[in-house]
Amino acid sequence: MDNANYIRYGLHLQGLSAYENDIPYIYNLLRTMKQAQISLDAFPHLNTEIPITIVDKELLL
Amino acid sequence: MTDISYLTATELGLLIKSRQLSPVELTKIILDRMDKFDSILKTYVTPLPDLALKQARAAEEDLMHGKYKGPLHGIPIGIKDNYYTKGIRTTVGSKIFTDFIPDQNAPSVEKLLRAGGIMLGKQNMHELAAGSTGTNPFFGNTRNPWDIQCMPGGSSGGGAASLAARLTILATGTDTFGSIRLPAAMCGVYGLKPTYGLVSTNGVFPSAMSLDTAGPMARSVPDLAIMLQSMAGFDPNDPVSLNVPIPNYMKDIHKGMKGLKIGIPTYYLQGLDPDIERLFKDAIETLSYLGAQIKEIEIPELSLSTFSGYVTVTGEASAFHQKWLQTQPEDYSTDIRTFFLAGALTNTPQYIQAQQARRKMVKGFQKAFKEFDILLGPTIPITTPAYSEYWVDQNLDVIRRCLPFTAPVNLTGTPSLSVPMGLDQRGLPVGMQFIGNHLSEKQLLQVGNIWESTDPLRKTLKTA
């Protein structure tokens, strides 16, 4: 499946429509995130961290 | 005679207290300026001249009866249009909420009004507080008073531009991934993004709930202090509100910075526009001269900011907006719709990894704050761009450049104070940010106040 179809299908599954003109922008945003995800490689034990969530008081104090 | 619209809230407050200036007179002066300039600058979505004058008269009457409410008594304030205001439309800069009229004030608005503040109107913003330029196809693009061809930054662009143009004395902002600090930097004013939970976000329209903060914007650091004094404090109706003692932010605000240890994360030295790089070096020299001990520091965890920031912001915003994205996608402008839809396409493992990255970043900051009192970096790496006709691309590009600089403090919940750093070669302001540990606002304000005394902009903006 090419990128445009992946975007269309992924949005469709969630009841969201994709305007054709939106697709290149969405693709670029996803590409930015994917490229930034490479930064995780420098932290091989990141998966052992407890995720911060909105109710996590540790974040607050 | 001094044009009183140039004075700060702190200066005006003294005149009001000593009855040398009437709140009605002050409010009329600012309303006249709004009348004169806001058709061009578009800093207000809903001006409220009648209400402002009514409140100013009440403030004056209170004074006549010896009821002085404090330093905000009679001071005009612009309210960002994502703070709920009772009986007054709150558009969030969005077509979808054009007719939304809340039935109560946000607690932070209520506090400002109870402290004697005068609500001038609801201020323009980048749609749904989710963009960084200040474009708004529904209510008009806010213009930067330093150069009206340029953007004011966003999302609190109305607040920042109105302060620079003296169409208000104080302004409220919100900051999810830079929305107070970025426009403050572009418009040459001061903006404080507080510790997460210090100021209630109850009654503030959400963008990304785990990052959203509300805070003050002003033309001086003491003004931020008096505003924060009023806005901060525990709100039992806000599940993330901090129940902590609130210090007196004005006390010792003139304390010097001799011996203060400032760390400069090398992360913040990458990808700077030449003017930003030059002015930042100058600022470091000035701070050293003022007595600070400055050293570079590596915080490798900051490299996680872009991934964690994008995934968290777009994912949380997309979840909040899902219903409207499904039923009325045409009512979002393209830049915001695509930003949110990208979040709908991220996956759960990515979101969890983004939150694990935040934990890692908190640890990185905590380690740095064992060695340093304050961290310092440019607020954003770019000088202020002129508006482009390709505004969708431009907004997404400004976010791509600036989010890595602004989002780390949102992701870690730490406070950051953006101050004017100087003027670029075109004469437009640029900013830098002092970053502190959790709940270190008092220290940030002290440091910012000393910095302000160096007169970083070397001149006052004159729009008229």
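How many positive and negative side chains has chain B, and how far apart do the centres of the two sets lie? Chain B has 44 positive and 43 negative side chains, and the two centres lie 4 Å apart. Lys and Arg count as positive and Asp and Glu as negative, with His and the chain ends not counted; each charge is placed at NZ of Lys, CZ of Arg, CG of Asp or CD of Glu.

The model is predicted: local features need pLDDT of at least 70, side-chain atom pairs count only at pLDDT 80 or more, and totals for chains, interfaces and linings use all residues. Residues are numbered from 1 along each chain as its sequence is written, chains are lettered from A in the order in which they are written, and side-chain values use heavy atoms, without hydrogens and water.

**Figure 1. Overall fold of chain B.** Chain B has 13 helices and 11 strands, taken as DSSP runs (helices H or I, at least four residues; strands E, at least two) numbered from the N terminus. Its radius of gyration, 20 Å, is close to the 23 Å that the globule rule gives for 464 residues, so chain B is as compact as a globular protein of that length. That radius is taken over C-alpha atoms, and the rule is 2.2 Å times the number of residues to the power 0.38. Of the 464 residues, 67% count as buried (under 20% relative accessible area, 1.4 Å probe, protein chains only).

**Figure 2. The largest nonpolar core.** This core has 142 residues, and B:L170, B:F339 and B:F340 are among those with the most contacts inside it. Its largest share, 8 residues, comes from α12(B). A nonpolar core is a set of buried Ala, Val, Leu, Ile, Met, Phe, Trp, Tyr and Cys residues joined through side-chain atoms within 4.5 Å. A second, separate core of 14 residues includes B:W146 and B:M217.

**Figure 3. Helix α10 of chain B.** Of the 11 residues in this helix (residues 334-344), 10 are buried, so the helix is largely enclosed by the rest of the structure. Among the buried residues are B:R337, B:F339 and B:F340. Their cover includes α1 (3-13) and α2 (23-37) of chain A, together with α9 (305-327) and α12 (391-412) of chain B.

Figure 4. B:V189 lies in the loop between α6 (181-187) and β5 (190-193) of chain B and counts as buried because its relative accessibility is 1%. Its contacts (heavy atoms within 4.5 Å) include B:A160, B:L163 and B:P420, not counting residues up to four places away in sequence. B:V189 and B:A160 are 29 residues apart in sequence and 6.6 Å apart in space, C-alpha to C-alpha.

Note on methods: Buried < 20%, exposed > 50% of the residue type's maximum accessible area, 1.4 Å probe, protein only.
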